[in-house]
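Reader: Hi, can we walk through this one together? Please put it up first.

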Amino acid sequence: MKSSENKRIENLYFVHILPFDRQTIKSTLKHEKELNRVDDIISILFELWEMTLSAFREVSTLVMMDSIEAIFASRILLIHGYYAQANILLRASLESWVAGLFYDDHPVEWERISEELVEEKVPSFTKEILPYFFKFPAFRELKKHDPKVQERISAYYKDLSTYIHALGIKKTNIKNLKRLKSDIYTKFSKKDLEQFIKNLSILKDFLILFTFLRYYSDFRLYRRKTPELILNLDERYVESLLKVDQEEELFTQKTRTRIIEMLDKKKSMDGERVG
């Protein structure tokens with residue numbers, strides 16, 4: 001009986017698990033450059049989370065930690081070729097992070113939900129949470145300089161949702177399925193990997209924007225780190241924040257000067273690469 005069980009386990013490993021692990025290792029080494037980009041973005045988000053620890057209530061940091069864990073888990077799924085599932089976790093990360101900010105302003109609602117004292121529906125991301133933040137002055141100013149920013153966030157959220165509902169073959173892993181002997185595995189797709197990196201980068205932009213615009217005064221505790229954090233945004237958002245700063249005083253004068261200097265240097269370097 002024991003021999004039969006051991007044989008079954010060996011068969012499971014050598015026929016199913018080992019080929020899968022070999023494929024993962026092979027793909028990881030082949031796409032090391034792209035995966036390094038993924039790790040760089042995750043590092044930025046983890047640093048953002050660390051910067052928020054002193055600014056928020058405990059409940060918010062716990063909810064936002066769930067967001068970080070979702071990002072880490074998405075990377076694990078990514079290297080195994082599970083692109084749809086990895087992108088689903090990006091949506092979960094966005095929901096958890098922004099919900100953490102939302103419940104920081106609504107501790108009573110969080111207590112009611114977390115302690116299950118009542119059956120309460122979690123607020124809709126696009127219909128309730130997103131509009132809530134754009135009522136704040138800094139968010140309204142951002143929208144004035146970037147009129148489509150709220151629409152862009154909603155569109156991103158809806159696009160990630162298509163991975164959940166499997167709308168079309170392009171948003172599933174089916175097209176990447178390959179047969180290896182008696183095992184079926186998902187091959188590593190550079191195209192899907194690049195799309196994931198793009199989605200992760202957009203997530204990074206939105207999490208930084210939400211967090212900084214809602215609690216920019218708290219970021220003055222990290223005035224040395226703030227310029228580097230802001231420069232991790234897409235350039236259009238950096239430009240927009242500098243315009244918002246003229247109305248809302250997001251930055252100290254020293255921080256603003258530093259951001260402008262670093263942005264000019266970055267543009268100059270980008271120009272040299274193009275030349």
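Author: One term to begin with. Buried means under 20% relative accessible area, exposed means over 50%, and partly exposed is in between (1.4 Å probe, protein chains only).

Reader: OK. So is S67 buried or exposed?

Author: S67 is buried, because its relative accessible area is 0%. S67 sits in helix α3, residues 58-79.

Reader: What does S67 touch?

Author: Leaving out residues up to four places away in sequence, S67 touches S93, S96, W97 and L207. Contact means heavy atoms within 4.5 Å.

Reader: Where do these numbers come from?

Author: The model is predicted: local features need pLDDT of at least 70, side-chain atom pairs count only at pLDDT 80 or more, and totals for chains, interfaces and linings use all residues. Residues are numbered from 1 along each chain as its sequence is written, and side-chain values use heavy atoms, with hydrogens and water left out.

Reader: How many helices and strands are there?

Author: The protein has 12 helices and two strands. Both are DSSP runs, numbered from the N terminus: helices are H or I with at least four residues, strands are E with at least two.

Reader: New topic. Which residues have the most contacts inside the largest nonpolar core?

Author: They are F133, L200, F210 and L250, in a core of 70 residues. Such a core is a set of buried Ala, Val, Leu, Ile, Met, Phe, Trp, Tyr and Cys residues joined through side-chain atoms within 4.5 Å.

Reader: Which helix gives the most to this core?

Author: Helix α9, residues 190-214, with 12 residues.

Reader: And how much of the whole protein is buried?

Author: 45% of its 275 residues.
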